[in-house]
Amino acid sequence: MNKPYSKEFEQCIRMSREEAIRLHHNTIRPEHFILGILREGHNRAAQLLNSLCKDIFLLKKELESYLSNVTIVGDTAQSDNFLLDSSASAALQASIGEAQRTNDEYVAAEHLLLAILHNTQSAAC
């Protein structure tokens, strides 16, 4: 069963792509999703991160620093003219499952954040 995406979720994804472009990456990773969530700012996931992190600016800088040292290796999938690494692709798929699990009508940024956090192998955690 496919769930529709909320407008703020779609905006987070667009901003994630813009973050990857800004950082000169051709592949989207879960860390780009978190940067996109924070950049969009008007979603539950961003509000949660803001309440949990003492210094959002430092979190952004740490993510950017990590991404500056990442070499893209492994499986990628193309989606709307940009590449997703396997972790990012899995997070998008898992966000649908999170929305279903919580009986939400739309897939939203908080579902994406939950999906990312469930993947303990990701540096985004």
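Mentor: Start with the terms. Helices (H or I, at least four residues) and strands (E, at least two) are DSSP runs, numbered from the N terminus. Axes are lines fitted to C-alpha atoms, for helices over the stretch in contact, and angles run from 0 to 180 degrees between N-to-C directions. This is a predicted model: local features need pLDDT of at least 70, side-chain atom pairs count only at pLDDT 80 or more, and totals for chains, interfaces and linings use all residues. Residues are numbered from 1 along each chain as its sequence is written, and side-chain values use heavy atoms, with hydrogens and water left out.

Trainee: At what angle do the axes of α2 and α3 cross?

Mentor: Two packed helices are described by the angle between their axes and the distance between the axes. Here α2 (residues 30-40) and α3 (residues 44-52) cross at roughly 95°. Their axes come within 8 Å. That makes the two helices roughly perpendicular (65 to 115 degrees; under 35 is roughly parallel, over 145 roughly antiparallel, the rest oblique).

Trainee: Which residues make the contact between α2 and α3?

Mentor: Contact means heavy atoms within 4.5 Å. Helix α2 brings Ile 34, Ile 37 and Leu 38, and α3 brings Ala 45, Ala 46 and Leu 49. The contact residues divide into six nonpolar, no polar and no charged. Ala, Val, Leu, Ile, Met, Phe, Trp, Tyr, Cys and Pro count as nonpolar, Asp, Glu, Lys and Arg as charged, and the others, Gly among them, as polar.

Trainee: How many salt bridges are there?

Mentor: Side chains of opposite charge can pair when their charged atoms come close. A salt bridge needs a side-chain nitrogen of Lys or Arg within 4 Å of a carboxyl oxygen of Asp or Glu. By this rule there are nine. One joins Glu 19 and Arg 39 at 3.4 Å, N to O. Glu 19 lies in α1 (residues 7-22) and Arg 39 in α2, so the pair ties together parts 20 residues apart in sequence.

Trainee: Is Glu 19 buried or exposed?

Mentor: Buried means under 20% relative accessible area, exposed over 50%, partly exposed in between (1.4 Å probe, protein chains only). Glu 19 is buried at 7%. Arg 39 is partly exposed at 40%.

Trainee: What does Asp 85 pair with?

Mentor: Asp 85 meets Arg 29 in a salt bridge of 3.2 Å, N to O. Asp 85 sits in strand β3 (residues 82-85), and Arg 29 in the loop between β1 (27-28) and α2, 56 residues apart. Asp 85 is buried at 6%. Arg 29 is buried at 14%.
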